[in-house]
Amino acid sequence: MRATRFAKLILLFILIASLTLTQNVFAATTLIATSANVPTFTIYEYDFDQLVFDFTLKTMAEDDYLKALTLMNVAPYSNFGITKMCLYHDAGATGFQGWGTDLSLGCGTWYGTDNVWYWDNLNLQVGESGARLFAVIDTDQLSTNLKYIQIGIPEFLDNDNDGMFDQGDRGFFTLKKQNGPVTQTLNSSIIYLKYFGNDTNAPKAIFTNLKDNQEITDDSYLITGEAKDRGYSGVSLVEISINSGAWKTVTTSDNYAHWKYDWKSYVDGLYVIKLRTTDNIGMGAISDGVVVSVNRKNRVSIEKSTFVINKTTIFANGTDYVAALVTAKNSSDDVLNNKNVTLLWAKMIDGVKGEASETTSTTNENGQALFKIKSKDLGKFNLEIKIEGMKLNGSETVEFIEESIDYTNGSLIRWSDSKTVYFLDKNNVRHPYPTQGVYASYWGNNFKMVKILSIEEISQYEIGKNVPFKIGTLMKIQTVPKVYRVGVGETKNWITTEAVAQKLYGANWNKLIYDLPEIFFTDYKDGPSITS
């Protein structure tokens with residue numbers, strides 16, 4: 001009885017210890033969600049970009065990627081009055097700026113069965129410093145009854161326990177399956193939705209291709225943007241002012257939902273550019289504006305910029321390389337630093353370029369960017385350069401060729417548990433001798449120079465192609481009644497008559513022939529027959 005009770009206590013202790021360990025591991029590897037608690041306020045109908053949930057996800061371990069997220073309104077009115085719920089990642093000044101400043105992660109999909117909005121196409125990196133996220137709503141027409149919302153991340157639920165998000169699951173899901181939260185994460189405040197009866201909110205306009213500290217190098221610049229009304233009156237006018245100058249009307253074809261302004265006749269210097277928006281009942285607002293600089297001397301000249309390579313033929317061994325040097329210059333022949341350079345290279349197949357691969361760099365203080373191009377793929381490649389998205393005139397062609405290896409100048413190695421001997425070339429690539437005959441064509445029966453390595457040591461060397469017979473060796477295979485002489489570049493040359501063989505190798509020529517297993521016969525290319 002005592003033994004049974006003792007065994008039960010031991011089992012209970014193990015179970016508790018196991019649960020504790022599991023909880024500790026879970027806590028150490030799960031992302032943490034923290035709410036910043038948006039204050040209580042009231043949102044009226046036909047509004048947009050209103051912050052309802054401010055939260056941070058961070059990990060205490062290695063970085064991860066947020067793949068899916070669900071948000072829920074815990075108030076009893078579900079999706080009442082909400083036309084959209086959208087997600088932003090903090091990307092401007094610290095804190096919420098929303099439309100036009102923070103990084104949009106898209107709008108969620110409403111799943112009425114569970115009363116949640118979900119995002120299942122995310123790929124947001126989350127680290128120890130945390131990713132701050134904002135949920136905003138757009139509102140529709142509201143009734144006179146006062147409603148409210150309270151947004152949060154619901155407690156984690158994975159219906160099929162596969163660690164990946166499916167419709168009907170809840171919480172957040174990450175690439176490394178550090179999923180959560182363990183308990184619901186809420187905005188502690190309540191946000192009210194209310195019909196007001198009057199439009200008291202001014203519209204808002206943003207730039208879509210201008211931001212603070214941007215540099216403009218062109219002689220003219222087409223400024224683009226968007227505008228929306230906070231209310232139901234609609235945008236009636238968007239105007240632009242540069243360095244406190246007169247307000248000028250922008251042009252639009254869709255009632256200022258999208259607009260543009262062709263900025264011309266400016267000089268180099270700093271500019272503050274502001275927007276003024278007005279709706280159909282006269283409500284207006286002026287933006288804080290952006291500060292940009294104009295520096296046309298920093299404009300890249302396609303004609304003056306250069307692109308040179310150091311050679312046009314290179315070994316396809318993955319080690320040797322072509323050096324491509326790009327120099328960015330302006331029209332005055334001055335070098336330009338901090339310019340984005342893209343190298344495009346594409347294999348030529350029957351004279352036609354295939355799909356191009358890209359490599360990017362930035363010019364240094366000398367206006368230069370250096371690329372080192374390597375390949376293990378044989379063939380010709382076309383090289384082109386873009387600087388700040390503009391393609392330089394002309395291109396270069398390089399050819400990657402098969403490297404001719406000197407199999408008499410290198411090291412001999414083998415693994416202690418194997419009889420296979422390898423030739424180690426200058427690039428630290430090991431080439432197996434496929435037969436003892438191939439080895440003997442170089443070294444006879446002398447194995448004293450072979451160094452024996454451990455499996456850990458020999459595995460550090462990449463495996464290359466088989467070592468061919470030494471140049472000049474005679475070889476044959478059993479099913480073909482021909483004798484071949486091994487030539488340069490792994491070629492095989494058929495010796496057409498016995499008289500020719502005797503002339504080249506003497507009366508005992510037939511005793512110099514090595515047999516080669518047929519499996520290795522295709523290692524050799526056909527060369528010219530030897531007839532005299």
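## Salt bridges across the chain

A salt bridge here is a side-chain nitrogen of Lys or Arg within 4 Å of a carboxyl oxygen of Asp or Glu. This is a predicted model, where local features need pLDDT of at least 70 and side-chain atom pairs count only at pLDDT 80 or more, while totals for chains, interfaces and linings use all residues. Residues are numbered from 1 along each chain as its sequence is written, and side-chain values use heavy atoms, with hydrogens and water left out. By the salt-bridge rule, the count comes to 18.

## Lys204 and Asp49

Let's start with Lys204, which pairs up with Asp49 in a salt bridge whose closest N and O atoms are 3.8 Å apart. Lys204 sits in strand E16 (residues 204-207) and Asp49 in the loop between strand E2 (42-44) and strand E3 (50-58), so the pair ties together parts that are 155 residues apart in sequence. Strands (E, at least two residues) are DSSP runs, numbered from the N terminus.

Are the two partners buried or exposed? Lys204 is partly exposed, at 22% relative accessible area, whereas Asp49 is buried, at 5%. For these labels, buried means under 20% relative accessible area, exposed means over 50%, and partly exposed is in between (1.4 Å probe, protein chains only).

Asp268 and Arg296 meet through their side chains in a salt bridge, 3.1 Å from N to O. Asp268 is in the loop between strand E22 (258-263) and E23, and Arg296 in the loop between strand E25 (290-294) and strand E26 (306-309), so this pair links parts that are 28 residues apart in sequence. Asp268 is partly exposed at 35% relative accessible area, and Arg296 is partly exposed at 27%.

## Lys465 and Glu402

In the salt bridge between Lys465 and Glu402, the closest N and O atoms are 2.8 Å apart. Lys465 lies in the loop between strand E40 (462-463) and strand E41 (474-476), with Glu402 in the loop between strand E35 (396-401) and strand E36 (411-415), so the pair ties together parts 63 residues apart in sequence. Lys465 is partly exposed at 29%, and Glu402 is partly exposed at 43%. Back to Asp268 and Arg296: salt bridges that share partners join them with Asp219 and Arg299 into one network.

## A nonpolar patch

Leu270, Val272 and Val291 form a nonpolar patch on the surface, together giving about 250 Å² of accessible area. Patches are made of residues with over 30% relative accessible area and no salt bridge, with like charges joined within 9 Å and nonpolar side chains (Val, Leu, Ile, Met, Phe, Trp, Tyr) within 5 Å. Leu270 lies in strand E23 (residues 269-279) and counts as exposed at 62% relative accessibility.

Key: Accessible areas come from the Shrake-Rupley method with a 1.4 Å probe; for residues, only the protein chains shown count as cover. Helices (H or I, at least four residues) and strands (E, at least two) are DSSP runs, numbered from the N terminus.
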